[in-house]
Amino acid sequence: MSNEDPTVRRSDAAPDPPGPAIAPAQPLRRAILLRVTLLKVGTALLVAAGFSLFGLLPLSKRISQSQFNIAASQVEARLDATFAAAASLTNMSRGWFAHATPSLEDPAEFNRLFMPVLTALPQVTSVVAGTSDGQGWLLLRQPEGRWRNRMTDVARHGKRQQFFDHTAEGGVKVEWREVDYDARRRPWFAAALQGADAHGPHWTAPYVFFTTGDPGITASTRIRHRDSRDFVIGFDLMLRDLSLSTMRARVGTQGLALVVTADNRVLALPAPPGGTAEAEWLKRVLKAPAELGLAPVDAALTEWQRGGRVDVASFEFESGGRGWLGGVRAYPLGTQRFHVLTLAPTSDFAPAWPTLAVVLLAAMLPVAGVAFLIVRAHARTIAQPLEQLAAASRRIGQLDFTPARVDSSLAEVRELAAAQDAMRALLETNHRQLDEQTRLLNNQINTLRATEARLRDSEAYNKVLFNDSPIPLVVLDPATNQLVDCNQAALAVYGLPDRESLLSCGPADVSVPVQYDGTPSVEAAERHVTRALAEGVCIYEWRHRRRDGSEWDAEIHLMRFNHAGRTLLQFSVQDITAKKAAAGKIAQLAYYDTLTGLPNRRLLTDRLHQALASSARSGNKGALLFIDLDDFKTLNDTHGHDQGDLLLRQVAVRLTECVRESDSVGRFGGDEFLVMLENLHADPLQAAAQTEAIGAKILEALSRPYDLLGREQISTPSIGGTLFAEPGDTVDELLKRADVAMYQAKAAGRNAMRFYDPRIQAEIAGRKALEGELRMAARRDQLVLHYQVQVDGEGHTLGAEALVRWPHATRGLLMPAAFIGLAEESGLIVEVGHCVLRLACRRLAEWAQDPQRSAWRLSVNVSSRQFRHPSFVQQVRDALDAASADPHRLRLELTESMLAEDVGAVAAKMNVLRDLGITFALDDFGTGFSSLGYLKRLPLDELKIDQTFVRDLLTDPNDAAIACAVITLARSLGLAVIAEGVETEAQRDYLASQGCHAYQGYLFGRPAETV
């Protein structure tokens, strides 16, 4: 038997038998170079393709749409600038000629108004006007500063018309000519008469002007004069001015822009083809597009018509073998609809692919070359040390243990070289001692394997439980109050770089000085440690602070355990900062107003409950202030809710500054705020004085002007206050009392503070009941009318004024003062007024059957709120139709106060009613708005001198002067005048001496059910 070590291979042993054939190995350096180069080339090609397909093509489409939108916007802006000027002039003209037409004998007045206008607005070429009886006016701007007037009176002169030609030097040539022209036959006159809107402006379809022969459009408006004549005035706009904007519009480099009408005529021309004179080209305005001779325009219109003539941002079509892009946008003008068409060749927006390819290739080649050199260098850096290690490994396989020299900056390669050296040393040692240590080595290997398995299991278990746990874990030695161990998760949550940094800290080093309950952190930590040592576990929340100063909240689980004869504490740390922030956010949303940041209704209610309990225990009084902003709805309606929100936020700031830290301020809803005052004096009078002082401070603060984005706004509050601390006080009772007091403050004139008074609550309850009864009485026509006669200077009856009365079932006959104010506040005045109109129309119908009363008129008062109601005109029509009453005998009396709101809207509604035959009187003249401007604009028939001026006119010179001024003013405006409240013959005689010959008052009769 041989003594040779079987584990050592002899050098002369036979080689191993050959294995299966494998593919030849590829050098590492070449493999790295080839793969990285292919990856870079593929990436560059993919990026270039993606940039071209997904970047340039969509970009070209967006560029084309943008070009179309810009060109269309330029055209639309030109249209707006042209048409808006004419529309504004029609509105101005209504004011100028509302009552009279201009002179036909001398055009100076007409020219004084319109020559500056035509000079300032070159797009308006002429002003035309005419009446329904054949009169006509013309002012035409001519070249070189010349002007022309034409005056027409068909009824007087037939076709003979007078012309005034004005030179630039100021001379005037006047002559008569035979011209077959009648304004009533022109399109602009017919458009104004046939328009749905009586107040215009009305736009004609494009047509050829009579005077100049140029195509254009006219904006006209109709004015109805008191003599039943229609006066129509129009402003002519030449279409060639619009064409100049479309001819100069730029769409791409070769594109065109034009405007077409609904009946397929060219309203504004595109750029002319080469060689076409501009003057000749402008003659094609209002021609069919086919007459332009532009093939792309014809192709675009054909494609648009094929698509249903709908507006489209971008569409494609072909013309002349080339691709084109087009876009259409609608432009409405009155009842007409024009279309702005833009088109351009597709090539104007297509990317320059050959140039782009050359640029990309030129940019990629240097990058690819540099990348190749970098890859080659890195491949050598990686491959050369590995090749050296491979050669050393082959030598070790041949039992050559000569050390290898490997130089590399790569840590992994160095580790591999170090491992190979260790392996070489181990193999060399084993080779020398193999025979002697074989048995011993086998035993040691078996022992080591068993020990290694146990250690591996123990390390894995410990790593899972502590080191690799995602829960931050820290071990504390209570004997020294020092941290002795931690895992990686603990380092992360405390924001420390290594274990030493954390283990050198004590609990106080990672905590804020004072915890949630105000206890110093050192004392709180000792209390929790003592509890954990005694009970084995302790769970609590803790406020931490990192070294960078940031604070965070955690939930601590502190657990006692024994190790190596020592009692230690392990605590887990769970960061609950986000959780507490979310809880705080939820609480903020649930208990605080999102606009002002103040406590909301829910939180205020909770605090009121707590304040009531606290006051009951201490005996100190508390107070609740209910604050409502006066006229806040008007601010929202006139300036928008964003302005209202800004005001509410500033009110919240001012309220907070007015109260003490112990008080509570909250938003109750809308424009209502609550202020809760606590710990006031135990004596009610003293507490009321304290509350009144704070209320006065709030009144002063909230009454100061507010800055709403540069606009000054005045807003005042109404404050209701009530004290609490009495047995039986509840939150609902306090809110009701404060609310009643607030309404008492509003009744006192607003911008005031009032304390709760039980009598007011009883009065409000009564008013609520009376409101319901009044609503039922108005709907059932249970109101009645009394009539006070109106007479002329001879004592003959002209008619009467209807005065409403309410025969209440339990209160008897109620006068207007007892319920009209309630109706105004509650909105019932609309229903009450409608009821009065129905009763008045029935009485007019009864009078019509009596020959002695058939010519009488009946005056009915109309409130401001009733007149503003959208259905008021229809209500008047319905009342007249239902009773078959003559509208010419109905006179509506309006008050000056409603005219201060919107004179234009009032005048428009009055004109509609006047067309029905209804007349108007202005009641209480001189006590309200007191502006003479509206008297010129309103279709009034009569002024009524208020009885406050009549009562003392014999003793008070001021009242006498006002009464005389009203009479004189009415006479100068052609209005009738009547004096109300005439009680003595001396008053009547004085008024008669001043020119007033219509009266109403106790001297002639008290209001009665019949006249």
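Strands are DSSP runs of E with at least two residues, numbered from the N terminus. In this predicted model, residues 784-792 form such a run, strand β27, and Gln-790 belongs to it. The relative accessible area of Gln-790 is 0%. Buried means under 20%, so Gln-790 counts as buried. The side chain of Gln-790 makes a polar contact with the side chain of Gln-1000, at 2.8 Å.

An open sheet occurs elsewhere in the numbering. Five strands make up this sheet, in the order β11-β10-β14-β13-β12, and their pairing is antiparallel. Strands β11 (266-268) and β12 (312-319) lie at the edges, each pairing on one side only. On average, neighbouring strands of the sheet are turned by 35° against each other, direction ignored.

Strand β13 spans residues 322-333. It runs antiparallel to β12, and six bridges join the two strands. Glu-316 has its bridge partner in β13, namely Leu-325.

Two helices accompany the sheet. Helix α7 (residues 295-306) packs on it. Helix α5 covers residues 239-247. It lies across β10 (256-260) and β11, and runs at about 75° to β11.

Note on methods:
Residues are numbered from 1 along each chain as its sequence is written. This is a predicted model: local features need pLDDT of at least 70, side-chain atom pairs count only at pLDDT 80 or more; totals for chains, interfaces and linings use all residues. Side-chain values use heavy atoms; hydrogens and water are left out. Helices (H or I, at least four residues) and strands (E, at least two) are DSSP runs, numbered from the N terminus. Buried means under 20% relative accessible area, exposed over 50%, partly exposed in between (1.4 Å probe, protein chains only). A polar contact is a pair of N or O atoms within 3.5 Å; within protein, one must be able to donate a hydrogen and the other to accept it, and residues adjacent in sequence count only if both atoms are side-chain atoms. Two strands pair if DSSP finds at least two bridges between them. Axes are lines fitted to C-alpha atoms, for helices over the stretch in contact, and angles run from 0 to 180 degrees between N-to-C directions. Contact means heavy atoms within 4.5 Å.
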